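Biologist: I've never read a protein model before. Could you walk me through one, feature by feature?

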Amino acid sequence: MKLEQLLEGVPFTLVQGSLDTEVQDIIYDSRKAAPGLAFVCIVGTQRDSHEFAADCAAKGVSVLVIQHDIDLSAMPGVTVVKVESSRYAMALMSGNLFGNPSRQMTMIGVTGTKGKTTTTHMIKSVLEAAGKKVGMIGTNGIYFMGRHQETANTTPESYELQKTFRQFLDAGCDVALMEVSSQGLMMDRVAGVHYDIGVFTNLSPDHIGPGEHKTFAEYRSWKGQLFRRCDVGVVNIDDENTEALLEGHTCKLVTYGRSEKADYRAEGCELLRTHDFLGVAFHVSGRDNMDVRVNMPGEFSVYNALAALAVGKVLGLPDAAIHEGLGKCVVKGRVELVPISKKFTILLDYAHNEVSTESLLTTLRAYHPHRLVVVFGCGGNRSKLRRYGMGETCAKMADFSILTEDNNRFEKIEDILADIRVGMNKGNPDAKFVEIPDRLDALHYAVDHAQEGDLIAVIGKGHETYRDREGVKTPFLERELLEEYAQQIGLE
């Protein structure tokens, strides 16, 4: 592609060289420098890659895209283009390189502090029930047409994002659904992308500090940018930050929540639990009247489901698809039920700090289990405050705890468990618990000692890899391990 075509829509100044220069691909990692490429010099939080421009030129790159002046005396043969923001330029250039695939699909972006991942999965489930072919990007990775890829960020860098959109389109997707983080908006990862629908879940302080956002107001403001880049905003009317977040919005608004003013309003919430279902049922009034059943527990599931329902309504999807999608949606690691026994209920959740653990246990306690059992640990080489906090919370809220490993990194598991015990003693000196360092053994213990009516929560983020008995690390999902063990022991 000619450089001139690549720069379509990008304000620039040609410093030297020719716009007729052929460009095969775009890079922003100097280690990938090679002839025929355009190297975009990014000013990062840790390093300014303008420092590597001369090295890239020496390796034969065809084009340098710079944000500030550099010494070009040793680079006479390379084309140099100066832009106001290299991140913004890279986003638009990447879109042009891949044929601007986002313009050929229905685009849906979901932003907020909590609930983005679950809400996107619910929307995906509803869309697919309606026969749509969906590509999805978020915290859990990239999913499209039965494929799964990992991603380093909730919202990938603009080049990877546009490349993924191209994959979606080439695979036959007609909808691209993604989590849009405040960092993704602030760092121009989604620059040049216009959304048909933007969704707001909720807002609370997060991502505030060095290299992120300076203040909560700044964090909120960047979240709000999504609603200047979409046609319809589907927003939680009950959140206290909604009005401020929407300041300056340019989209049509559709609201959801429990407020009388909500376009889609939830009423009469009922908790539902069987051996293979843990969720909620509620009635929706306002612009529509319908009963909804959601295969996920808790108040937050009501809000996430309302958001998905509202998106379905905006897109004109049939009620049958909305019902089916919400009723069968499962999110890996997010209150994920593992139906291995009619005697008790066991689930997996990503909760890995005090706040998320308290929220989860509060939700589960509302189902009045015979016992609320928690299997958990804490990561190594991290703040001990998390261990104390999780220990204290589980001691107060659980009837029984099973302490085990959770990605101990380079720390001794015994030291981590000792710290958790300190927190448990503070929360409830009489708390009942057992320590089983090997996490697989802890899972087996939870199943073997389960009582009629128990609700067992296996929480944390250290479940991706296990050691087999010869000491070799083998990747497994805890769901698969539990199902395998239930079959092995003949559990009913």
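Biologist: Leaving aside its neighbours within four places in sequence, which residues is G115 in contact with?

Modeller: Before that, a word on what you're looking at. This is a predicted model, where local features need pLDDT of at least 70 and side-chain atom pairs count only at pLDDT 80 or more, while totals for chains, interfaces and linings use all residues. Residues are numbered from 1 along each chain as its sequence is written, and side-chain values use heavy atoms, with hydrogens and water left out. Now, contact means heavy atoms within 4.5 Å. With neighbours within four places in sequence set aside, G115 is in contact with T201 and N304.

Biologist: Where does G115 lie?

Modeller: Helices (H or I, at least four residues) and strands (E, at least two) are DSSP runs, numbered from the N terminus. G115 lies in the loop between β6 (106-111) and α4 (116-129).

Biologist: Is G115 buried or exposed, or something in between?

Modeller: Buried means under 20% relative accessible area, exposed means over 50%, and partly exposed is in between, using a 1.4 Å probe and protein chains only. G115 has 23%, so it counts as partly exposed.

Biologist: With which side chain does the side chain of N304 make a polar contact?

Modeller: A polar contact is a pair of N or O atoms within 3.5 Å; within protein, one must be able to donate a hydrogen and the other to accept it, and residues adjacent in sequence count only if both atoms are side-chain atoms. For the side chain of N304, the partner is the side chain of T119, at 3.1 Å.

Biologist: And which positions does UniProt list in the stretch with G115?

Modeller: UniProt positions are given in the numbering used here, feature names are shortened, and annotations may be inferred rather than shown by experiment. An unreviewed UniProt entry lists G112, T113, K114, G115, K116, T117 and T118 for "binding site". Take K116, which lies in helix α4. K116 counts as buried, because its relative accessibility is 13%. Its side chain reaches the backbone oxygen of G112 at 2.8 Å. Not counting residues up to four places away in sequence, K116 touches V110, T111, E179, V180, T201 and K223.

Biologist: Which other positions does the unreviewed entry list for "binding site"?

Modeller: From that record come S30, N153, T154, T155, S181 and R189. They span 160 residues in sequence and the farthest two C-alpha atoms are 26.0 Å apart, so they do not all gather at one spot. R189 is in the loop between α6 (182-186) and β11 (195-200), and it is buried at 9% relative accessibility. Among the residues in contact with R189, leaving aside those within four places in sequence, are N153 and T155. N153 itself lies in the loop between β9 (147-149) and α5 (158-170) and is partly exposed at 29%.

Biologist: How many disulfides are there?

Modeller: A disulfide is a covalent bond between the sulfur atoms of two cysteines. The rule here is a pair of cysteine sulfur atoms within 2.5 Å, and the count comes to zero. C251 is in no disulfide, with the nearest cysteine sulfur, that of C230, 3.8 Å away. The sulfur of C329 is 17 Å from the closest cysteine sulfur, in C269, which is too far for a bond.

Biologist: Last one, strands. Which residues lie on each side of strand β3?

Modeller: In a regular strand the side chains alternate between the two faces of the sheet. In β3 (residues 37-40), L37 and F39 are on one side and A38 and V40 on the other, and all are buried.

Biologist: Which strands pair with β3?

Modeller: Two strands pair if DSSP finds at least two bridges between them. Strand β2 (residues 25-27) pairs with β3 in the parallel sense over three bridges, and I26 stands opposite A38. Three bridges also join β3 to strand β4 (residues 63-66), again running parallel, with V40 opposite V65.
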